[in-house]
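Welcome! Take a moment to look over the sequence and the 3D picture, and then we will walk through a few parts together.

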Amino acid sequence: MKEITMDVFFNELNGLLDGLLEKEEKNIVAGAQIMADTIAKGGVIHVLGSGHSVGFAMEMQNRVGSLACVHKIETNDFVLKGKVTLDEFKNSETPFERRAGVGNQLYELYDIRPEDCFIIISNSGINGVVIDLAVAAKEHGHKVIVVTSWQHTSAEASRHPSGFKLYEKGDVVIDNCGPRGDALIETGKLEKICSVSSITGAFIAQSLECESCRMLKEQGAELPIFWDEAQEGGAAHNAALRAKYAGRV
């Protein structure tokens with residue numbers, strides 16, 4: 001057993017990120033190409049993460065240096081838009097992220113257009129909502145980028161009635177290279193500590209944005225990126241971007 005220290009975690013995490021870059025660089029570039037194509041057509045990138053993976057969309061959205069055309073899909077929109085009651089949504093006997101049969105309903109909640117693409121994130125990739133949305137997106141002709149843990153998803157059976165796992169519906173699949181269960185550091189007992197999917201997810205999210213912006217810049221396209229409003233013209237620039245994507249993100 002390794003000693004439990006911050007230095008051990010730092011070293012283990014660095015090794016994990018090095019391996020992720022080596023293994024998944026081509027897939028990240030392929031995903032970024034889908035995003036760049038969507039942006040060039042005036043489209044929106046719709047992002048859904050289950051569980052802690054909601055942070056993936058938050059990493060990409062509404063901050064200086066981020067793309068203005070990223071839409072964070074949230075399952076609690078079912079409540080906010082009056083599709084289910086709060087009690088039904090919070091029913092612990094059937095966690096919402098595990099429910100099948102709601103993907104088309106989730107898709108219909110938003111202003112989604114043919115030029116749009118999707119990023120769907122789930123460590124396990126076996127639960128109902130993420131698989132349903134991926135199926136709905138594919139049925140409507142959209143490209144889907146999947147981010148999952150291959151080690152985790154390959155070790156567990158699908159909970160979806162179809163038997164599908166999320167990765168099977170991806171045009172591009174990116175392995176976050178995290179361990180099954182997410183925690184990285186062994187303690188010498190059954191438990192492990194230091195979950196890593198949020199960190200590897202942030203790296204993947206920023207890398208996708210970085211590479212898509214590189215591609216657009218090489219094409220001579222204007223980047224729909226939020227500026228620092230402390231700089232001259234920043235507030236007006238950001239307001240114009242928000243107006244361009246109003247009602248869609």
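## A histidine to start with

Which backbone oxygen does the side chain of His142 reach? The side chain of His142 reaches the backbone oxygen of Asp116, at 2.9 Å. Before going on, note that this is a predicted model, where local features need pLDDT of at least 70 and side-chain atom pairs count only at pLDDT 80 or more, while totals for chains, interfaces and linings use all residues. Residues are numbered from 1 along each chain as its sequence is written, and side-chain values use heavy atoms, with hydrogens and water left out.

You can find His142 in the loop between α6 and β4; helices (H or I, at least four residues) and strands (E, at least two) are DSSP runs, numbered from the N terminus. His142 counts as buried because its relative accessibility is 2%, and buried means under 20% relative accessible area, with exposed over 50% and partly exposed in between (1.4 Å probe, protein chains only). Not counting residues up to four places away in sequence, His142 touches several residues, including Tyr107, Phe118 and Ala137; contact means heavy atoms within 4.5 Å.

## The open sheet

Now look for five strands that form an open sheet with parallel pairing, in the order β2-β1-β3-β4-β5. Two strands pair if DSSP finds at least two bridges between them. At the edges stand β2 (70-73) and β5 (172-175), each with a single partner strand, so one side of each has no neighbour in the sheet. From one strand to the next, the twist averages 20°; axes are lines fitted to C-alpha atoms, for helices over the stretch in contact, and angles run from 0 to 180 degrees between N-to-C directions.

Strand β1 (residues 45-49) pairs with strand β3 (residues 117-121) in the parallel sense over five bridges. Here Gly49 stands opposite Ile121 in β3. Helix α6 packs on this sheet, touching β1, β2, β3 and β4, and its direction makes about 165° with that of β3.

## Inside helix α6

Ala134 lies in helix α6 (residues 128-139). Is Ala134 buried or exposed? Ala134 is buried, because its relative accessible area is 0%. Leaving aside neighbours within four places in sequence, Ala134 is in contact with Ile120, Val144, Leu166 and Lys169.

## A hairpin to finish

Strands β6 (residues 183-186) and β7 (residues 192-195) pair in the antiparallel sense over three bridges. Ala183 has Ser195 as its bridge partner in β7. The two strands form a hairpin with five residues between them, and Gly188 in the turn has a positive phi of about 95°.

Key:
A polar contact is a pair of N or O atoms within 3.5 Å; within protein, one must be able to donate a hydrogen and the other to accept it, and residues adjacent in sequence count only if both atoms are side-chain atoms.
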